[in-house]
Amino acid sequence: MAGKRKRANSSTDKKERRWSARVQELRQKAFDEKERLVRERVKLLNDKKSEELSVVDDSELHEKEEATVDGSPKQSTSPKKLTALQKGKLIASLNVKDVDEDTDAHLKVTKCLRFFNKHYLLSVQMIQSKAILYPRKRIGHLPGIAVGHRFFSRAEMCAVGLHNHWLNGIDYMGVEYKKEYREYELPLAVSIIMSGQYEDDLDNADTVTYTGQGGNNLTGNKRQVRDQLLERGNLALKNCCEYHVPVRVTRGHACTTSYSKKVYTYDGLYEVVKYWAQKGVSGFTFDVCFLSLQVNFVCGRIPKSTSEIEGLACEDISKGLEFKPIPATNRVDDQPVSPSGFTYIKSLMIEPNVKIPKSSTGCNCQGSCTDSKKCACAKLNGGNFPYVALNDGRLIEPRDVVFECGPHCGCGPECVNRTSQKRLRFHLEVFRSAKKGWAVRSWDYIPAGSPVCEYIGVLRRTADVDTISDNDYIFEIDCQQTMQGLDGRQRRLRDVAVPTNDKVSQSSEDENVPEFCIDAGSKGNVARFINHSCEPNLFVQCVLSSHQDLSLARVVLFAADNIPPLQELTYDYGYTLDSVHGPDGNVKKLTCYCGALNCRKRLY
């Protein structure tokens, strides 16, 4: 129990304390040494005589509100006039600072550990209570966790109950589940994590040669240091094999942009086909289980090359135009045909009747734009840069329009305010889906705010494509309409300064209809294959870089969320229901197959 500190003016402090001659002598020596050091410091700092003891009071002997160590009140008398007893008391007060520093450090450590223990116990309470989504272990899938679901740490998997061990790769039921699973021999495995911790693991996506647990030195070099035993998780996997019980498989892979530096993907149920024991590369015996995928493989190991992909139809639909090849895969059709009927282009093609405004003046920054107060392009964006220099540039939030640096700016190509102009940074794949036709996904983790690709095609006047039928690749440039919130469009951050010069007048009689559009029907890039979703993971961003005409803004697709690898990329096409009419004037309807929980059921 900690006692309270006494007040300096309490009655008990006023009593005179008697000191032995030996104590007074020691205190006198200590004080004399302290006084000598103080005098030298005062002389160096002020170049005054050492006898001016008032300086000592200002620089070293600051009066304190708290009591001295021995409980006596502090004196304001000059040290030269103090008695031996008073000097002893004063030197004790000089040591208070050192004592307080040690005490403060001790208290900081204590408070830190208390803070840690508090949150540790809260996590234990969460595990032991119903705060865990599925606290009781169960066989098979867990409701709400679909194949392909990503977790950014093992703690997240523990929180929902998918895998209840923070470290062990095998999660299993023990004898406490005997009443619920009387028909099985326990222990029984329910989940394993493939994270590359064992040197003899072999992962072939839909089949896994899985090393049992134990014998690993857990230092990160994957080395076995002793034999494994047929117990605990190893025995649980053996029982799964004998009783034909499926096991949940989750794969972990490195991810530099994840807070845990890893991402874990739930890959579905696997069946333990067989098990055996053998000598490993380190000479120690380990248990091996061969697991085969029991359900349709949706999101497995990320391919390292096109040779690892099943149903490869084309190695690169861009034919070398993009920095990274874009393969096309088809596991739906009996014959894996590739996308056809279009020509891949990397930059916009301009129709002859479309006049592009002259290039803007630009900023005077050198190398890279860093000072938003001096950069002319930053002023157009409301006085700040829309991007942050993270992961090669990320957009902070959606805007009505983003003004990037252009050809007449003084900065170089690596400027953060040229983020959307940089080459394709993610390894994209075009794949055939069962109901939506061609679709797009990434082999890389895409951080939120990253530009994925620009919508490329032929820049045309909207009036010139009205008579074209069966062309689902028309993208209207509706930057002006979005800024005005017309026709139900969602307005965004409007902290921008839109110039009035170099404007091309709106020729359309209907202000709701954008004057220009991008036609990717016959010529386009990978963006033409990105499907609609009522709950998309991409958003459309209008960007101006070479000029400042809103009606001719570039259309760039950015990541709205942190998108894990192999998740389909989608954006909202923005159709208003009953807004599309056929040649006969009747309303056209198209079913939506996005599969979102809040799907509108119709695309238009």
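What follows describes a predicted model, beginning with a glutamate and moving on to ring pairs.

**A glutamate in a loop**

Find Glu 568 in the loop that runs between strand S25 (554-559) and strand S26 (570-571). Is Glu 568 buried or exposed? Its relative accessible area is 19%, and because buried means under 20%, Glu 568 counts as buried. Its side chain makes a polar contact of 2.8 Å with the side chain of Lys 436, and another of 3.1 Å with the side chain of Asn 531. Beyond its neighbours within four places in sequence, the residues in contact with Glu 568 include Phe 431, Ala 439 and Arg 441.

**Rings that pair up**

The model has 10 aromatic pairs. One of them joins Tyr 387 and Phe 558, and this pair is stacked. Tyr 387 belongs to strand S13 and Phe 558 to strand S25, so the pair links parts of the chain 171 residues apart. Tyr 387 is buried at 4% relative accessibility, and Phe 558 is buried at 0%. Phe 475 and Tyr 571 form a tilted pair, which links strand S20 to strand S26 across 96 residues.

| Pair | Centre to centre | Angle between planes |
|---|---|---|
| Tyr 387 and Phe 558 | 6.3 Å | 25 degrees |
| Phe 475 and Tyr 571 | 6.1 Å | 35 degrees |

Phe 475 is buried at 12%, as is Tyr 571 at 5%. Together with Tyr 455 and Tyr 573, these two residues form one aromatic cluster.

**A charge over rings**

Finally, look at Arg 528: it lies over the face of Tyr 473, 4.0 Å from the ring centre. The charged end of Arg 528 also sits over the ring of Phe 529, at 5.0 Å from its centre.

Conventions:
Residues are numbered from 1 along each chain as its sequence is written. This is a predicted model: local features need pLDDT of at least 70, side-chain atom pairs count only at pLDDT 80 or more; totals for chains, interfaces and linings use all residues. Side-chain values use heavy atoms; hydrogens and water are left out. Helices (H or I, at least four residues) and strands (E, at least two) are DSSP runs, numbered from the N terminus. Buried means under 20% relative accessible area, exposed over 50%, partly exposed in between (1.4 Å probe, protein chains only). A polar contact is a pair of N or O atoms within 3.5 Å; within protein, one must be able to donate a hydrogen and the other to accept it, and residues adjacent in sequence count only if both atoms are side-chain atoms. Contact means heavy atoms within 4.5 Å. Rings of Phe, Tyr and Trp (its six-membered ring) pair if their centres lie within 6.5 Å; planes under 30 degrees apart count as stacked, over 60 as edge-to-face and the rest as tilted. A charge sits over a ring if NZ of Lys or CZ of Arg is within 6 Å of the ring centre and within 35 degrees of the ring normal.
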